Amino acid sequence: MALLITFFLGLFFVLGALIAKIPTDQEKIEHWSIAIAFGAMVALAVCDLVPEVFECAMDGSVILSVILVAAGTAILKGLDCFVPEHNDSKTEETSGNLAHIGIISAVAITIHNLVEGMTVYTIATSSLSIGFSLALGVGLHNIPMGMLIYSTLKKERKDKKRSILAVTCLSTFLGGLLMWSVSSILTERLIGYLVCIALGMVIYILVFELFPSVYRFKNRNSMIIGTLVGFVVVLLSMFFD
């Protein structure tokens, strides 16, 4: 089931690509996905991950737990340095520049997703509800990235475009598969440490990516409603653990 969740996570990139393919109000859809992701990640951090990390800290080293949370934040910060801003693609005029942005983004996002897939799989083996909530929050956050990759590669050959999208979409599943292959050595203590890293990643996504985007929303009602929807969805998922 944990592997299935990592596969499900990759489908959000397909959804982003489909949105970019059809004529629609893409900005509005992007705003809703970000608002819902923000609410989901807040609920995930406050209601699930923080208590798990606190329990891990009480059973082991408080200092080590803090270091691992900081490491999770630093890992995503390092990876995101290589991912262009979604809106930056609109300033590029030539198809060559757009293709370059798309390919660089796909490479960075693939590496990023391998790490996220490993984390989601580890969390899901401990708690399916928390794993699903993490996948939901991260997945909604990744819809704009799917839109970015498709829009920058839309003039490329179909086989090339599909190959890049396929690798990007399957990267979270590959990360989960990697963790499954070493699952025999995953002790309860090690899983607790990985949860600390996951919290650090969630904090980075919340503080440095989602919150700035939500704060810039002109429609405050949509922002509040979307945030509440994401928060409630995660709360409801706790009843299915």
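Leu3, Thr6, Phe7, Leu9, Gly10, Phe13, Val14 and Ala17 of helix 1 pack against Leu165, Thr168, Cys169, Leu170, Thr172, Phe173, Gly176, Leu177 and Trp180 of helix 6, where contact means heavy atoms within 4.5 Å. By class, the residues of this contact comprise twelve nonpolar, five polar and no charged; Ala, Val, Leu, Ile, Met, Phe, Trp, Tyr, Cys and Pro count as nonpolar, Asp, Glu, Lys and Arg as charged, and the others, Gly among them, as polar. The model is predicted, with local features requiring pLDDT of at least 70 and side-chain atom pairs pLDDT 80 or more, while totals for chains, interfaces and linings use all residues. Residues are numbered from 1 along each chain as its sequence is written, and side-chain values use heavy atoms, leaving out hydrogens and water.

Helices here are DSSP runs (H or I, at least four residues), numbered from the N terminus. The axes of helix 1 (residues 2-21) and helix 6 (residues 158-181) come within 8 Å and cross at roughly 165°; axes are lines fitted to C-alpha atoms over the stretch in contact, with angles from 0 to 180 degrees between N-to-C directions. The two helices are therefore roughly antiparallel (over 145 degrees; under 35 is roughly parallel, 65 to 115 roughly perpendicular, and the rest oblique).

A second pairing joins helix 3 (residues 62-80) and helix 7, whose axes come within 7 Å and cross at roughly 50°. Helix 3 and helix 7 are therefore oblique to each other. On the helix 3 side, the contact includes Leu64, Leu68 and Lys77, and on the helix 7 side it includes Tyr193, Tyr204 and Glu209. This contact has 13 nonpolar, four polar and three charged residues.

Beyond its neighbours within four places in sequence, Tyr193 touches Cys56, Leu64 and Leu68. The C-alpha atoms of Tyr193 and Leu68 are 6.9 Å apart, although 125 residues separate them along the chain. Further along, helix 7 has a kink of about 35° centred on Leu206, the bend being the angle between axes fitted to the seven residues ending there and the seven starting there.
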